Amino acid sequence: METLLALVTGAMVAISVYLLLQRDLVRKIIGVVVLSNGIHLLIFAMGRVTRAASPLIPAGEKYPPEVIANPLSQALILTAIVIGFGLLAFSLVLVYRLHESSGSADADSIIEATLGDQ
């Protein structure tokens, strides 16, 4: 299972790098989202992927009885998903407003338009 997650994570990072190198701002935003999801998978895989036991310690015990999943990585991923969704919404609104004001979502044409105004 870890090998599959490593391959999927690598593919997602490769796809995100390709999208981040594009000129269109919407594709750049999609690249950031795909990159964050790839990093979420990486953190999840580092926290041990198992369905054998839940991360609970029985009453009266000091240590878990068997191998358990790491709950810290799951909590970090859940928090990162919420923050990433807020970043996505904010970025899409910024690109929408930029497209309305400049008439383009192409990064090079926006740079040329702003340099031409000076």
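**Core and salt bridges**

Tutor: The largest nonpolar core is made up of five residues, Leu25, Ile29, Val95, Ala107 and Ile110. A nonpolar core is a set of buried Ala, Val, Leu, Ile, Met, Phe, Trp, Tyr and Cys residues joined through side-chain atoms within 4.5 Å. Buried means under 20% relative accessible area, exposed over 50%, and partly exposed in between (1.4 Å probe, protein chains only). The model is predicted: local features need pLDDT of at least 70, side-chain atom pairs count only at pLDDT 80 or more, and totals for chains, interfaces and linings use all residues. Residues are numbered from 1 along each chain as its sequence is written, and side-chain values use heavy atoms, with hydrogens and water left out.

Student: Which elements give two or more residues to this core?

Tutor: Elements here are DSSP runs numbered from the N terminus: helices (H or I, at least four residues) and strands (E, at least two). The elements that give two or more residues to the core are H2 and H4.

Student: Leaving aside neighbours within four places in sequence, which residues is Ile29 in contact with?

Tutor: Contact means heavy atoms within 4.5 Å. Ile29 is itself one of the core residues. With neighbours within four places in sequence left aside, its contacts are Leu88, Ser91, Leu92 and Val95.

Student: How many salt bridges does the count come to?

Tutor: A salt bridge is a side-chain nitrogen of Lys or Arg within 4 Å of a carboxyl oxygen of Asp or Glu. By this rule the count is three.

Student: How far apart are the closest N and O atoms of Arg23 and Asp106?

Tutor: Arg23 is in the loop between helix H1 (2-20) and helix H2 (25-46), and Asp106 is in the loop between helix H3 (71-102) and helix H4 (107-117), 83 residues apart. Arg23 is partly exposed because its relative accessibility is 47%, whereas Asp106, at 17%, is buried. In their salt bridge the closest N and O atoms are apart by 2.7 Å.

Student: Which residues are linked in a network of salt bridges?

Tutor: Asp108 also forms a salt bridge with Arg23, with closest N and O atoms 3.4 Å apart. Asp108 lies in helix H4 and Arg23 in the loop between H1 and H2, so this pair ties together parts 85 residues apart in sequence. The network links Arg23, Asp106 and Asp108.

Student: Is Arg97 buried or exposed?

Tutor: Arg97 forms a salt bridge with Glu100, the closest N and O atoms being 3.1 Å apart. The two are three residues apart in helix H3, so about one helical turn separates them. Relative accessibility is 43% for Glu100, which is partly exposed. For Arg97 the figure is 52%, so Arg97 counts as exposed.
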